[in-house]
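This report looks at charged side-chain contacts and at the parts of the chain that they join.

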Amino acid sequence: MKPLIPSQTALVLGGGGAKGSYEVGAIAALRELGIEAGSVYGVSIGALNAAMYAQGDMEKAEALWSSIRLSDLLSPESLALADDAEAIFNHPEKALEFISRNAQNRGMDVTPFRQVIETYVDEAAVRRSTVRMGLVTTRFPSLNMVEKRIEDMEDGSLTDWLMASSACYPAFPMASVGGERYIDGGFCDNAPVEMAVRGGARHIIVLDIGRNPSHTQYRTRPNITYIRTSQPLGGLLTFSPEQAAHNRVIGYNDVMRAFGQMRGTRYAFDSLDAQVLYARAEDFVIRLTQVETGLQSANAITRRDKAAPLFSLLEEGLRPGADVIDYFLRACELCAEIAEVNPAQVFTFAAFTDELRARLPLEKAESMVDSLLGGRIGVLFSAPQPDRKLIIACLYHLLQRENSFSSLAMHTLSAFPRELLCALTLRNIL
């Protein structure tokens, strides 16, 4: 990769409340890779992180995210409203009900949050910095997007603008700056890529931590590295050192993957270790193609050219141009998701398979194989809530015993492509 010139590189930090800890881990990875941005644009919590990035003090940001709790951001009286407020973020239709119940308070008291900003953000340092900083907020009631760069803000107003960008109404009260009212910038743009484009950046790195992806049109542009969270990061109000530590690792790993230093899609695999898997990965993809072809009906009515249930599962999260190693590792990741393997670590392939063995009920499944032979695989799926770990472990042992599934078994398993795919994968890696 051609080295990125800081003056031509912009960093865009999305909004997401407590998920902002992810961005701190991601920035640590960028710096480890020698990537610095000459401009930084943020929205909501991303605007706070942007200000700390611009002032050249990510150590202070790391200290903040290592200790912050929800009680540091809300008054004691408002903490009781946190669950109701979180519900709004997941179910916007409940906003009117929240407003009605809390009309007298006009949202939660975020005075402590303002004090956190004043403690951790040095406006003078931001203004002196060679890193240009900007943020997005939303004017109310027009709902027009407002882009503010540090040079356009009146002296002493940065805290006001950070509050305006983060005013997630109705959970948080509206913010007032210069006689105008503002609400969270995420209502207009939760990852202000266009602000970076208008700022003249040639290369843009986007950290998208919102509940829903932003700007899908930019995710394949060759001059934009668009990094979307690979794992759930908790709720918008899940401010805790433990969750923050988890999120920072995920952010670090996602950046390292994006710049080719690790492999995988939702889990992180050592890049050099993964590269030696090429022959095994190629065999796996060829075998999977054969199995999938066998699942397709030769009937003129039921046949569909797009009938690719196994490969479609793999391609949901793969980037364009993925190679056989990407496909193979994505199949391994599907097994890891069912086995509930912790994604906040970097695996060698040997360590990964050891983790799968430890988390899957392989011994229990092996003892059940005899009763499952003879085409009675369907009993695995008959429980109201089937044990998916046990299912893929049993299917794995059936493959070990028989080397392939019978035509009747394949017919049954075609209705459960994820479990079938995981069993085929385990057969290849354990």
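What follows describes the salt bridges and the exposure of their partners.

The structure is a predicted model, in which local features need pLDDT of at least 70 and side-chain atom pairs count only at pLDDT 80 or more, while totals for chains, interfaces and linings use all residues. Residues are numbered from 1 along each chain as its sequence is written, and side-chain values use heavy atoms, with hydrogens and water left out.

A search of the whole structure finds 19 salt bridges (a side-chain nitrogen of Lys or Arg within 4 Å of a carboxyl oxygen of Asp or Glu).

| Pair | N to O distance |
|---|---|
| Glu242 and Arg69 | 3.9 Å |
| Arg139 and Glu180 | 3.9 Å |
| Glu340 and Lys389 | 2.8 Å |

Glu242 and Arg69 form a salt bridge; because Glu242 belongs to helix 11 (residues 241-258) and Arg69 to the loop between helix 3 (58-67) and helix 4 (76-79), the pair ties together parts 173 residues apart in sequence. Helices (H or I, at least four residues) and strands (E, at least two) are DSSP runs, numbered from the N terminus. Glu242 is exposed at 52% relative accessibility, whereas Arg69 is partly exposed at 40% (buried is under 20% relative accessible area, exposed over 50%, partly exposed in between, with a 1.4 Å probe and protein chains only).

The salt bridge of Arg139 and Glu180 joins strand 3 (residues 132-140) to strand 6 (residues 180-184), and so ties together parts 41 residues apart in sequence.

Finally, Arg263, Arg319, Asp323 and Asp326 are linked in a network of salt bridges.
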